[in-house]
Amino acid sequence: VKSKLKGWDIDLSNTFGSNRFDYSLENTLNSSLGATSPTAFEAGGFSLNQNTINLGFSKFLKDKMAGLNIAYGAEYRIENYAIFAGEEKSYKSYKTGVPGGSQGFPGFQPSDEIDASRSNFGLYFDTEADFTKKFMVGAAVRFENYSDFGNTINGKLSSRLKINDVLTLRATASTGFRAPSLPQINFNSTVTNFINGKPVEVLIARNNSEVTKALGIPPLKQELSKNASLGFTVRPNNTFSLTVDGYWVQIKDRIVLTGQFTDEDEQIGQLLKNVNVAKAQFFTNAVNTTTKGLDIILSNKDKVGQGYLTTSLAMNFNDLTIDQINTNAKLAGKEDTYFDLREQYFLKASAPPSKINLTLDYQIKKFSTMVRFVRFGKIELADWNYDVAENDIYNPKTTTDLSINYKISQKLGLSVGSNNLFNVYPDMSSGYYTESGGAWDPVQMGSNGAFYYAKINLKL
């Protein structure tokens, strides 16, 4: 709902979102039941929902300096996360010494079940002041209160300087936070990892479980970040533009999934045996990281024939480094397990070294067509042997997107097209090495192959 009051713009909104995952398995069995085992199981699942209310006020004062914009407001959010158990045969062992549950993915057990909620309240103030028509400074501050871990205050400073009609400079510095999600705090499950082709049952323990308490793992806390960026825009004419932005992001106490601790460990193995766990891993504030990146975008629009061709080239480059691994007294010296090589490579892959998009968009009268080439850079992941010489290598790949659009009327349009038109997949890997035991790990280009679509667009 949007309105105005005494020159102020008012914006009130409510957003509700929810998702739910139910796991069903087929063509598997519970080996402890032998020949009487069913071959299909309902393995339970989990759900998450959020309800957010926002109220914001903003006003532009054109008679203050060269223009002053003020905005402030509040947000209130309620979240709920639940895990629900599967049928008994999906997780239980009916024979001593024989692994139970549906093989490949044991069902969620009653001990995994949880129904967790929290609330969050935030206040913000934001202002942008044009001291002259060429020089702007902006400042913002935000306060957050979480019912489960407390308060945080963060700020941002930004500036823009127009050197002339061709060149504009800009810079930003800010602090940030990310609260641990309810799933990261409460997820608990037994999963099957395939190591050298053999299934191994591993407990992913929730943050406040007996396992994490035995290992001295503290409650999850917020991630804190420092951010800075510097960039410029060049517009030599009405058809061409170049923007370049470099950025630096330092994150403290980043939440990651640890490697797998085993009850065979000389120092902590007995702690795991005391809580009846053979292998365990968990979410924790394990590492500090620094990411350096560069965004480059070139865009040009020219008349070609009877229509207009817009060409854009967007490039992104990243370098993520792990600065420190944060263990505790009980796990000192076990950094190679606490945040093992495999998890380190997964984290680095979250900031892909490169991604390049080339887009050609041609419009003529009621027709338009778009062709996009996307080059995904090389991704390297560690295999289960922890042998860097034999890592999973996903070499650069290029996909092609195509869409053709026709504007039937001012209110009606038709589109047909494809994402990944030529059905390009990542390099095939081996189930001996991947996280899922399947053909690929989750890499930046995805592994869903080609997608084709037709759309009707209607404006009322």
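**View A. A side-chain polar contact joins Ser415 and Asn405.** This is a predicted model, in which local features need pLDDT of at least 70 and side-chain atom pairs count only at pLDDT 80 or more, while totals for chains, interfaces and linings use all residues. Residues are numbered from 1 along each chain as its sequence is written, and side-chain values use heavy atoms, with hydrogens and water left out. The two side chains come within 2.7 Å of each other (a polar contact is a pair of N or O atoms within 3.5 Å; within protein, one must be able to donate a hydrogen and the other to accept it, and residues adjacent in sequence count only if both atoms are side-chain atoms). To find Ser415, follow strand E21, residues 412-419 (helices, H or I, of at least four residues and strands, E, of at least two are DSSP runs, numbered from the N terminus). Ser415 counts as buried because its relative accessibility is 8% (buried is under 20% relative accessible area, exposed over 50%, partly exposed in between, with a 1.4 Å probe and protein chains only). Beyond its neighbours within four places in sequence, Ser415 is in contact with Ile404, Asn405, Tyr453, Ala454, Lys455 and Asn457 (contact: heavy atoms within 4.5 Å).

**View B. Asn188 sits in a loop, between helix H1 (182-186) and strand E9 (189-195).** Although it belongs to a loop, Asn188 is buried, with a relative accessible area of 8%. Have a look at its side chain, which makes a polar contact with the side chain of Asp112 at 2.5 Å. A polar atom of the Asn188 side chain also lies 2.9 Å from the backbone nitrogen of Arg206. Setting aside residues up to four places away in sequence, Asn188 touches Ile83, Phe108, Asp112, Leu203, Ile204, Ala205 and Arg206. One of these, Phe108, leads on to a group of rings: Phe21, Tyr23, Phe46, Tyr81, Phe105, Phe108 and Phe187 form one aromatic cluster.

View C. Trp8 and Tyr72 form an edge-to-face pair, 5.5 Å centre to centre with 70° between the planes (rings of Phe, Tyr and Trp, its six-membered ring, pair if their centres lie within 6.5 Å; planes under 30 degrees apart count as stacked, over 60 as edge-to-face and the rest as tilted). Trp8 belongs to strand E2 (residues 8-26) and Tyr72 to strand E4 (residues 68-84), so this pair ties together parts that are 64 residues apart in sequence. Trp8, at 23% relative accessibility, counts as partly exposed, and Tyr72 is partly exposed at 34%. Next comes Phe367 with Tyr406, a tilted pair at 4.7 Å centre to centre and 45° between the planes. Because Phe367 lies in strand E17 (residues 367-376) and Tyr406 in strand E20 (residues 397-407), the pair ties together parts that are 39 residues apart in sequence. Phe367 is partly exposed at 48% relative accessibility, as is Tyr406 at 31%.

**View D. The second largest pocket has a volume of about 290 Å³.** Twelve residues line this pocket, with Glu343, Phe346, Leu347, Glu435 and Pro442 the closest to its centre. Strand E12 (240-257) and helix H5 (341-349) are the elements that give two or more residues to the lining. H5 supplies the largest share, three residues. By class, the lining has seven nonpolar, two polar and three charged residues (Ala, Val, Leu, Ile, Met, Phe, Trp, Tyr, Cys and Pro count as nonpolar, Asp, Glu, Lys and Arg as charged, and the others, Gly among them, as polar). On a 1 Å grid over the protein atoms alone, a pocket is an open set of points with protein on both sides within 12 Å along at least five of seven lines, a cavity is a set where a 1.4 Å probe fits but cannot get out, and lining residues have an atom within 4 Å of a point. Points are joined across faces, edges and corners, and a volume is the space filled by probe spheres set on them.

**View E. Helix H5 has buried residues at Arg342, Glu343, Gln344, Tyr345, Phe346 and Leu347.** Their cover includes E12, strand E14 (279-304), strand E15 (307-325) and strand E18 (379-381). Arg342 and Glu343 are also among the residues nearest the centre of the second largest cavity, together with Gln260, Gln281 and Trp384. That cavity has a volume of about 50 Å³, and its eleven lining residues divide into two nonpolar, five polar and four charged.

**View F. The largest cavity has a volume of about 60 Å³.** It is one of two cavities of 30 Å³ or more found in the whole structure. Its lining is made up of Phe376, Gly377, Ile379, Tyr394, Asn395, Lys397, Pro426, Asp427, Val443, Gln444 and Met445. By class, these are six nonpolar, three polar and two charged residues.
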